[in-house]
Amino acid sequence: MEGNMSLSLKVWRQSDKNTAGAFENYKLDGVSPDMSFLEMFDVLNEQLIEEGKVPIAFDHDCREGICGSCAMFINGRPHGPLKGVTTCQLHMRSFNDGDTIVVEPWRAKAFPVIKDLVVDRDAFDRIMSAGGFVSVNTGNAQDANSLPIPKEAADEAFSAAACIACGACVAACKNASAMLFVSAKVSQLALLPQGQAERNIRAEKMVAQMDSEGFGACTNTGACSAECPKEISMVNIARLNREYIGAKFSSTAV
Amino acid sequence: MSWFSQTLTSSIGKKLLMALTGLFLISFLVIHASINAMIFYNDGGETFTHWGHFMGTNPIVRTLEIGLIAGFLLHIADGLILWKNNTEARPVNYAVNNPSANSTWYSRSMGLLGTLLLIFLVIHTAHFWIPNRSNQFSTGEELNLYQMMLDIFQNPWVVLIYIAGCISLFWHLLHGFKSAFQTLGWNHVKYNGFINFIGTAFSIVVPLLFALMPISIYLGWVD
């Protein structure tokens, strides 16, 4: 497809975890404004392969904004300049012909770079393993409405559950704090009856794991929520604070 | 580690300590601003000295003062520890960063504003509190704080330092007041408007009142 944009790209290249990285400059012509940002990267990578160079490694999967893979820090913002979208939902029409675009990986001690723009987000999985679940024995599905849940609680839990664990909150936060992520994961269960049994221990364990991963503390700047592709609210962080402080001072786990 | 120290040394616990000591220091600012505003009676310091004497000699107030010093030290030490931890959480910085797109500069600069306030606090206590308390310890007599204010605020550089201190306090409070409630988990649709209004009003009124004191004395409005 013939396009009409020419771009200068400045992309972080790093061959592995232990090697120092640096920016590389690329020129790309014929970019259609209708391409997604990731499609533009596909075109760039094909150009690199044709030139006999190593293509740029970047995470991507669903390309429809629900998997949370496409971590790119674009011109100083996670997922680029638009609000409430992931990189795959960002289109080249958001940029101008002749623009220089700087692309970096997420920067956090807890998210080490694996290669180029790919970072290791296993820290999030370890936080989930620490308590982000309900222990329920499987069996027959219960009758509908056997567990009454207020509509408001269901909606609020659903809004928190919209978190796709992309890590934009950590990337945007000046402290590389994971509070918005953890608060969403704690909230989605704290608001529902199924989450009550492990409510206290969940908050305690998930925060302890978050701290041991090396994420920073929360300064309440609101950068996380402003950059979140799923627009997770700061109300969840206040809830996590209540859950954690309440659990610490009331639970019998010494 | 006991559950209690474990709680207070967790990331949320450190923030809880910041919020509680911050709100305690805010309550101190109310008392400090109210009593010092007695100089605006412009009665040669009579009302101010009356209340200054009460604050400097009343045994309950003097006991609470120990708590105030502890509050300051905790807030400062905890703030420095958080600043260190938070800096370490991002060892490699972004080459291009545009944080003004998602947050206010003063919410991101609480450590810097706090450091400026700490420098101001050292200068300010060296002017009044330390000489006065040392004199009380050695001779049992209070110093004439009103006369000291009139003398010290004749120097335009001192007045400028005090104004800079008040400006730092304004920005620090503008984020800190509301942030403390969020840290305590008090984010509720029924109270957010009230907290925001009181937070902003407090951040403007108190530093303005403080700044007017050296300015009024320097310009001779109060003598």
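You are looking at a predicted model, where local features need pLDDT of at least 70, side-chain atom pairs count only at pLDDT 80 or more, and totals for chains, interfaces and linings use all residues. Residues are numbered from 1 along each chain as its sequence is written, chains are lettered from A in the order in which they are written, and side-chain values use heavy atoms, with hydrogens and water left out.

**Two domains in chain A**

- Chain A splits into domain 1 (5–104) and domain 2 (121–250), with bounds taken from an automatic or database domain assignment.
- Their C-alpha centres are 30 Å apart.
- In the contact (heavy atoms within 4.5 Å), domain 1 of chain A supplies 15 residues and domain 2 of chain A supplies 13 residues.
- Together these domains bury about 1000 Å², with 47% of it on carbon and sulfur atoms; buried area is the accessible area (1.4 Å probe) that two parts lose on being put together, summed over both.
- Three salt bridges are counted between the two domains, a salt bridge being a side-chain nitrogen of Lys or Arg within 4 Å of a carboxyl oxygen of Asp or Glu.
- Arg121(A) and Asp59(A) also form a salt bridge through their side chains, at 3.1 Å from N to O.

**A five-stranded sheet**

- Five strands make an open sheet with mixed pairing, in the order β2-β1-β5-β3-β4 (chain A); strands are DSSP runs (E, at least two residues) numbered from the N terminus, and two of them pair if DSSP finds at least two bridges between them.
- β2 (22–31) and β4 (77–78) of chain A are at the edges with a single partner strand each, so one side of each has no neighbour in the sheet.
- β3 (residues 73–74) of chain A runs antiparallel to β4(A), joined by two bridges.
- Phe73(A) has Pro78(A) as its bridge partner in β4(A).

**Where chain A meets chain B**

- This contact draws 47 residues from chain A and 35 residues from chain B.
- The two chains bury about 3400 Å² between them, 58% of it from carbon and sulfur atoms.
- Zero salt bridges are found across this interface.
- Elements giving two or more residues to chain A's side include β5 (100–104) and α6 (199–212) of chain A; helices are DSSP runs too (H or I, at least four residues).
- α8(A) gives the most to that side, with 10 residues.
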